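This briefing is for a reader who is new to the structure below.

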Amino acid sequence: MTKDEILLAQKEFLFPSVFHYFEQPLVIDHAKDQYVWDADGNQYLDFFGGIVTVSVGHCNSRVNAAVHAQMDKLQHVSTLFVNEPQVALAKKLASLTPDGALTKSFFTNSGTEANETAILAARCYTGSSEIVALRHSYHGRSAMAMTLTGQASWRLGGVPQPGVIHAHNAYCYRCPFGKTYPSCELQCAKDMDEAIRTSSSGHIAALIAEPIQGVGGFITPPKEYFPIVRDIVKQYGGLFISDEVQTAWGRTGNKWFGIEHWGVVPDIITSAKGLGNGAPIGLTIAKAEVADALKGVTISTFGGNPVTSTAAKAVVDFIEEQSLAQNAADVGAYLRAGLESLQQKHSLIGEVRGMGLLQAMELVEDRQTKKPANLATLRILEAARENRILLGKGGLYGNVLRISPPMNIERSDVDRFLSALDKSFVQAGAVA
Ligand code: PMP
């Protein structure tokens, strides 16, 4: 098909809710490592990685070789039969969890399903059905996951599921209490107690939280936040579910899982995205007693598929062998410094935040009023496309630029990215 035929077919045969960036949609034809090419042959430096998913580079040769070999050996047999790739992956993942405390895995095909499984396990384990989620969160697109999600624009379909309340996140840049860290003494975290006592029965199944809120715009809580909310949630009988769909596999720097930066050991971790580097996989990994409480039968036809399991194992092995969590910390710090220099230059950049190779900039029209600069955000995305770099957008107000390149990039890639981004700010008319 020609590019125009592809675009016309997209319009005619796909749900319009399958939305895309840019006024003129970008058709991607192929990709390798940190680059993608459009249908006209233009090369782009991909600093969004297919929404925080391309962890070890597009079409990673090592991962793909393992996938090709497995495709020709055994592609699918369902979980009614045992297959080695699924078991080998589960065994490897158990060795990586915080304190080695989470040892049993359930595999599905997406982050949404991973979270559904986590909620189900927490409900079975505690006998309670009530869940606490955080404002500004994103947890997926099933009815339950949309209800957990703390952003109106991602909650479609009207009536939410019962049994979910939303507590305050730690959004220091826009503190809901109008305070400043650390003199705030973490009022947002302590408010968890009142949220549970006023908005639930007082017996909860779990708190589900992203260590860094991805779609919310890489909102990064201070170090005290999760230890405080974990203690409160435990007091009311709840489990701690860490949604690591975006934050796992070394992306936040030096740690396999984002939550490790807060020194909290969750009862359940969910993940997807970067674990498969593009292969559709969802992971729910739990403490053994929690996994064992999910009694009865439940099945995911494709979950634990030998091909996706092989892909995920190859991704994790690659991250380990190439020390990519370390690279994410090193190159991430370099990227962060560069973004902070841009902040000095462009008054539109209200805040730079994130960890490792998960970095964001919240754009505001005025640094005093913090009025979200959502139109300027769109202009910068368009200009960035012209300058052949890809980055993401997010935040409740649509005014956050999200940056999450493959974890095996180098400083020279960052230099190229920053110079194109700087140019994009200038072209979008955003210089101070
Ligand atoms: N949790 C988080 C934190 C996510 O970022 C996402 C996807 N953006 C999901 C869950 C849902 O994952 P999926 O789109 O694979 O269902």
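Strand β3 (residues 43-46) and β13 run parallel and are joined by two bridges; strands here are DSSP runs of E with at least two residues, helices are runs of H or I with at least four, and both are numbered from the N terminus. The model is predicted, so local features need pLDDT of at least 70 and side-chain atom pairs count only at pLDDT 80 or more, while totals for chains, interfaces and linings use all residues. Residues are numbered from 1 along each chain as its sequence is written, and side-chain values use heavy atoms, with hydrogens and water left out.

**The sheet with β3 and β13**

- D46 stands opposite L390 in β13.
- The open sheet has four strands in the order β1-β2-β3-β13, and its pairing is mixed; two strands count as paired if DSSP finds at least two bridges between them.
- Its edge strands, β1 (28-32) and β13 (389-390), each pair on one side only.
- N42 lies in the loop between β2 (35-38) and β3.
- The relative accessible area of N42 is 23%, so N42 is partly exposed (buried means under 20%, exposed over 50%, partly exposed in between, with a 1.4 Å probe and protein chains only).
- Beyond its neighbours within four places in sequence, N42 is in contact with V36, W37 and R388, where contact means heavy atoms within 4.5 Å.
- From N42 to I319 there are 277 residues in sequence and 29 Å in space, C-alpha to C-alpha.

**Strand β7 and its partners**

- Strand β7 (residues 206-209) is covered on both faces: A206 and I208 on one side, and L207 and A209 on the other, are all buried.
- Strand β5 (residues 131-134) runs parallel to β7 and is joined to it by two bridges, with V132 opposite L207.
- Strand β8 (residues 239-243) pairs with β7 in the parallel sense over four bridges, and I241 in β8 stands opposite I208.
- From β7 the chain crosses through helix α8 (residues 225-235) to β8, a right-handed β-α-β crossover; right-handed means that, with the strands pointing away from the viewer, the path from the first strand over the helix to the second runs clockwise.

**Domains and cores**

- The protein is divided into domain 1 (3-56 + 323-427) and domain 2 (63-321), with bounds from an automatic or database domain assignment.
- The C-alpha centres of the two domains lie 25 Å apart, and their contact takes 40 residues from domain 1 and 36 residues from domain 2.
- The largest nonpolar core has 98 residues, and L93, M192, W249, F417 and L421 have the most contacts inside it; such a core is a set of buried Ala, Val, Leu, Ile, Met, Phe, Trp, Tyr and Cys residues joined through side-chain atoms within 4.5 Å.
- Helix α10 (residues 306-321) gives the largest share of this core, eight residues.
- Both domain 1 and domain 2 give residues to this core, so it lies between them.
- Another core lies apart from it and has 18 residues, including A121, I131, A133 and L239.
- Not counting residues up to four places away in sequence, M192 touches V132, L134, A167, L207, V229, I232 and V233.

**Helix α11**

- Helix α11 (residues 324-345) has 22 residues and should span 32 Å at 1.5 Å a residue, which agrees with the 31 Å between its end C-alpha atoms; the expected span is 1.5 Å times one less than the number of residues.
- Among the buried residues of α11 are L324, A328, L335, L342 and Q343.
- Their cover includes α10, β11 (349-355), β12 (358-363), β15 (400-403) and α13 (411-427).
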